[in-house]
Amino acid sequence: MPVLPDRSTRHSAVAMALRTAALVNALADPAAGPREVTAVLLAHGEPPPAAVTPGEVAPMRAAAVLLREVFAAGSADEAAALLNSLLAAHTGPLRLTSHGGTAPWHPHADADDDAPWTPWFLSSGCLALTFLLWERQAPPGRTCVSPSCGNVFVTHGSGPERRYCSRRCATRERVAAHRRSRTPTAPGAG
C-alpha cells in the first residue's frame, strides 16, 4: 500500500483514506495492540511520538468496525448514508489546522488538535472517505473479495474496478482457481 510521506501530500484526502484503511485492517486483528497501531500511524506520517496506549486500542477497534461498513458499501448511496450517520454522530464543526505551523493546512472535524486517538481516527476517516465519495461519486473503498483476506482498500485512480486489496491476493485466488480447474474429478462425481 503506498504511503504518501511528502509534507504537502501527507494530509491529502487519498493519504488520509489510505491511513484509514490501514488502521481498519490493523485493528481487525485481535492480536494487534498499541505497538502495531502506533506503527501504522507512524508509517502514514503521524509525527513521533505518536503512541497509542493499551486503553485506546479497544475504542479504536470499535471505530474501525464502523468505518469498515463504509468500505463494504455496495453503492455510493449506501456509503453516503453510512457516512452521513457517522458524521452526524462522531464529528464536530469542520475546521482547518496546521498544528501550530508543523503541518500544511488541512481539515479536521474532531474537537481539537490534541483530541484522543479514537475521535480523531473516526472523524478524519469519515472526512477522507467523504471527500473520495464526493470526488468520484462512487464508494470510496471496497473489501477484498478473497475469502482468505477481508482487508479493506481505497479505490482511487483510473483503470478497471479493483476487486482485491493487493496483487498478492489476486494472484493467490487466480492460482487457486487454476489449480481447481486442473484437478481431475473422480469418476461418478459431478
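This is a predicted model: local features need pLDDT of at least 70, side-chain atom pairs count only at pLDDT 80 or more; totals for chains, interfaces and linings use all residues.

Residues are numbered from 1 along each chain as its sequence is written, and side-chain values use heavy atoms, with hydrogens and water left out.

**Overall fold**

I count 6 helices and 4 strands in the chain. Along the sequence I read them as α-α-α-α-β-β-α-β-β-α. The C-alpha trace spans about 70 × 35 × 30 Å along its principal axes. I then checked burial (buried is under 20% relative accessible area, exposed over 50%, partly exposed in between; 1.4 Å probe, protein chains only). Of the 190 residues, 39% count as buried. For contacts (heavy atoms within 4.5 Å), I took pairs at least 6 apart in sequence, and 53% of these join residues at least 24 apart.

**Helix H3**

H3 covers residues 54-72, and its 19 residues reach 28 Å from first C-alpha to last. That is close to the 27 Å expected at 1.5 Å a residue (the expected span is 1.5 Å times one less than the number of residues). Which residues of H3 are buried? I find Glu56, Val57, Met60, Ala63, Ala64, Leu67, Val70 and Phe71. They pack against helices H1, H2, H4 and H5, and also against strands S3 and S4.

**Threonine 97**

Threonine 97 sits in strand S1 (residues 95-97) and is buried, at 5% relative accessible area. I looked for polar contacts (N or O atoms within 3.5 Å; within protein, one must be able to donate a hydrogen and the other to accept it, and residues adjacent in sequence count only if both atoms are side-chain atoms). Its side chain meets that of aspartate 113 at 2.7 Å and reaches the backbone nitrogen of histidine 99 at 3.0 Å. Beyond four places in sequence, threonine 97 also touches residues including Trp105 and His108.

**Cysteines**

How many disulfides does the structure hold? I found 0, a disulfide being a pair of cysteine sulfur atoms within 2.5 Å. The closest cysteine sulfur to that of cysteine 149 is in cysteine 165, and at 3.6 Å it is too far for a bond. Cysteine 169 is in no disulfide either, its nearest cysteine sulfur being that of cysteine 149, 3.7 Å away. Cysteine 149 is partly exposed at 27%, whereas cysteine 169 is buried at 4%.

Notes:
Helices (H or I, at least four residues) and strands (E, at least two) are DSSP runs, numbered from the N terminus.
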